[in-house]
Amino acid sequence: MKIPLKDVLLYMGVKGEADPDTLRLALKAVDKAEKIIAPKQSVRIFDVTKTEEGYCAGGVLFTGKCAEKLFENCSRAALMTVTAGHDLDKEISRLSVSDMADAFALDAAGVAAVECVADEAEETVRLNTAIGEKLTMRFSPGYGDMPLSLSRAIASATDAQRRTGVTVTEGDMLVPSKSVTAVIGIVDAGKSNTYARK
């Protein structure tokens, strides 16, 4: 997997052109991350049911304003859990003791890496859509009014622990840390949706 350098620099807080030292740090981090990441994804597509409380997909209940817009004209939705793997976390932890700058850069590379894995998972969803169907943008727990606690339900619905090695802590944090849970609405053919990708 190729990790975009520009994304790593962005997650490092670089605006505009990076100075030589920062660029070297980022390049080193990308090289290391690409060697140790172990990308895994678990994607499942479910029918969407409207209930009195909100919308249900795969046994996961989505409520709130974001859900109302996300599932507009969606008969199906995809739930996903993706990760860049445990080795990345271990290396970031090791570096944080000896070299904080390298740890910081590798952490940024890890964020960029897991976004790449999520993009690949989204493409998996796209390949399972019918002619005329569109995908919404990707929503992860913690975004908008979607509670972080949904991570546990999505991880369960996608059989994340068995298929990706991802677990959820009591505080609703994902382990490994460079992991993502998300939902994507599949918009019915010929219908509109506020969050539909162009």
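**View 1. Helices α4 and α5 pack with their axes 7 Å apart.** In this predicted model, helix α4 spans residues 86-98, and the angle between α4 and α5 is about 160°. Axes are lines fitted to C-alpha atoms, for helices over the stretch in contact, and angles run from 0 to 180 degrees between N-to-C directions. Helices here are DSSP runs (H or I, at least four residues), numbered from the N terminus. The angle makes α4 roughly antiparallel to α5 (angles over 145 degrees count as roughly antiparallel, under 35 as roughly parallel, 65 to 115 as roughly perpendicular and the rest as oblique). The crossing of α4 and α5 is left-handed. Left-handed means that the near helix is turned anticlockwise from the far one by less than a right angle; clockwise is right-handed.

**View 2. The contact of α4 with α5 is built from residues of both helices.** From α4 come L88, E91, I92, L95, S96 and S98. They meet M100, D102, A103, L106, D107 and G110 of α5. Contact means heavy atoms within 4.5 Å. By class, six of these residues are nonpolar, three polar and three charged. Ala, Val, Leu, Ile, Met, Phe, Trp, Tyr, Cys and Pro count as nonpolar, Asp, Glu, Lys and Arg as charged, and the others, Gly among them, as polar.

**View 3. I92 sits in helix α4.** I92 is buried, with a relative accessible area of 12% (buried means under 20%, exposed over 50%, partly exposed in between; 1.4 Å probe, protein chains only). Leaving aside residues up to four places away in sequence, I92 touches A103, L106, D107 and K178. R162 is 70 residues from I92 along the chain, and their C-alpha atoms are 24 Å apart.

**View 4. Helices α2 and α5 cross at roughly 60°.** Helix α2 covers residues 20-36, helix α5 residues 100-126, and their axes come within 8 Å. That angle makes α2 oblique to α5. The crossing is right-handed. α2 brings L25, K28, A29, V30, K32 and A33 to the contact; α5 brings A101, D102, A105, L106 and A109. Eight of these residues are nonpolar, none polar and three charged.

**View 5. Helix α6 spans residues 150-157.** Its buried residues are L150, S151, I154, A155 and A157. They lie on the same side of α6, because they cover an arc of only 165° around the axis. After α6 comes D159, with a positive phi near 55°.

**Notes.** Residues are numbered from 1 along each chain as its sequence is written, and side-chain values use heavy atoms, leaving out hydrogens and water. Local features need pLDDT of at least 70, side-chain atom pairs count only at pLDDT 80 or more, and totals for chains, interfaces and linings use all residues.

Note on methods
Helices (H or I, at least four residues) and strands (E, at least two) are DSSP runs, numbered from the N terminus. The arc is that of the directions from the helix axis to the C-beta atoms.
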